[in-house]
Amino acid sequence: MGADIWFNGKLVPFEDAKIHVLSHALHYGSSVFEGIRSYDTDKGHAVFRLPAHMRRLMDSAKINRMEPKYDQAALEKAALETIINSGLGACYIRPVMFRGVGGMGVNPLNNPVETFIAVWEWGAYLGPKALEEGIDVQVASWSRMAPNTLPSMAKAAGNYVNASLVKMDAVLNGYVEGIMLSISGYVAEGSGENLFLVRDGEITTAPASLSILHGVTRNSVMRLARDRGYTVKEGLIPREALYLADELFFTGTAAEITPIRTVDKHIIGTGQCGPVTRELQSAFFDIVHHGNDPYGWLTPVAG
Ligand code: PPE
């Protein structure tokens, strides 16, 4: 069985962390969540950008009119407590706020907000060789949701109906992941990752206004790249620019920095992890694996 789960303020055994079938979230997708990684660095266990993730959880709750039962500081503390209690080294942390049992019907305002934090071991998200060799992806036939339909700045369960459609198509077609285009046809992001393009040494990623999730890893990689002298632009990327890229890579908590070696069977650059991607990977891994943390992005897991 898995590690104990922090559920509404206390740790409960894995098998006891149950919810009712009439929970609003199950019927109407009314939950918001985070994905965070804790690393077993050379300098001890540490969580990557814990406050940034918990702040985004608070933002996601606000967008969805959920009144959090615990503030950001309390959730950060609870996450650390859950990790320590689990005895796990490197792990993935999944805090969730969801609408529980109240009345039925779309209106969630009378359904209490429940909160839990689960932790588990999660290895390479996009396959064992993905970080080294890169992955094969397709452009998705489903678009990313249009602005002013589902709020993409919220990491909300409902948004992942769209993402799951993209992911299932990709896997069933023999690819690892799908890249969603915006409703206007520009490159948005993967089903669970942001995307970066490198051409002639310049780095471009979709603008925050293009219905993407504002990734914590995206933000971190932009900083790492700029601090290494790269020009990083937030700009509109036409689909065909993917095919002409020297390098493409995904970023995400689960995916970390994963190179993309083909898109729609077009070979990207040399078809191998390129030098810019490699440089950013090593800058990132120097923080999360070696514990060298010039930005103060690591929160130590004491205990
Ligand atoms: N876009 C989407 C749609 C997304 O789900 C993620 C994270 C990102 C971008 C990158 O965001 P960040 O993790 O803050 O850099 N996806 C999470 C969930 C994956 C899952 O299958 O569940 C993750 O990486 O944890």
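## Close-up views of the predicted model

**View 1. Ser141 in its loop.** Ser141 is exposed, its relative accessible area being 65%; exposed stands for over 50%, buried for under 20% and partly exposed for values in between, with a 1.4 Å probe and protein chains only. The loop that holds Ser141 runs between strand S8 (135–139) and helix H5 (159–172). Helices (H or I, at least four residues) and strands (E, at least two) are DSSP runs, numbered from the N terminus. Between the C-alpha atoms of Ser141 and Val232 the distance is 28 Å, and the two residues are 91 residues apart along the chain.

The model shown is predicted: local features need pLDDT of at least 70 and side-chain atom pairs count only at pLDDT 80 or more, whereas totals for chains, interfaces and linings use all residues. Residues are numbered from 1 along each chain as its sequence is written, and side-chain values use heavy atoms, with hydrogens and water left out.

**View 2. Polar atoms facing the ligand.** The side chain of Thr217 places a polar atom 2.5 Å from an oxygen atom of the ligand. For Arg56, a polar side-chain atom is found 2.8 Å from a ligand oxygen atom. An N or O atom in the side chain of Lys155 lies 3.3 Å from a nitrogen atom of the ligand. The ligand taken alone exposes 550 Å², of which the protein buries 93%; accessible areas come from the Shrake-Rupley method with a 1.4 Å probe, and for residues only the protein chains shown count as cover.

View 3. The largest pocket is where the ligand sits. A pocket is defined on a 1 Å grid over the protein atoms alone, as an open set of points where a 1.4 Å probe fits, with protein on both sides within 12 Å along at least five of seven lines; its lining residues have an atom within 4 Å of a point. A molecule sits in a pocket if more than half of its atoms lie within 2 Å of its grid points. Two or more residues of the shell come from each of helix H2 (50–63), strand S6 (91–99), strand S10 (187–190), helix H6 (216–227) and strand S14 (247–252). The ligand has 23 residues around it, and those that come nearest are Tyr92, Tyr125, Tyr160, Thr217 and Thr253; a residue is near a molecule if one of its heavy atoms lies within 4 Å of it. The shell comprises eleven polar, seven nonpolar and five charged residues. Ala, Val, Leu, Ile, Met, Phe, Trp, Tyr, Cys and Pro count as nonpolar, Asp, Glu, Lys and Arg as charged, and the others, Gly among them, as polar.

**View 4. Glu189 and its partners.** Glu189 belongs to strand S10 and is buried, with a relative accessible area of 4%. Its side chain makes a polar contact with the side chain of Arg144 at 2.9 Å. A polar contact is a pair of N or O atoms within 3.5 Å; within protein, one must be able to donate a hydrogen and the other to accept it, and residues adjacent in sequence count only if both atoms are side-chain atoms. The Glu189 side chain also reaches the backbone nitrogen of Leu213, at 3.2 Å.

**View 5. Thr82 within a helix.** Thr82 is part of helix H3 (residues 72–86) and counts as buried at 0% relative accessibility. A polar atom of the Thr82 side chain lies 2.6 Å from the backbone oxygen of Ala78.

**View 6. Positive phi in a loop.** Asp264 occurs in the loop between strand S15 (256–263) and strand S16 (266–267). Although Asp264 is not a glycine, its phi is positive, about 50°. Asp264 is partly exposed, at a relative accessible area of 22%. Lys265 is placed in the loop between S15 and S16, has a positive phi near 70° and is exposed, with a relative accessible area of 65%.
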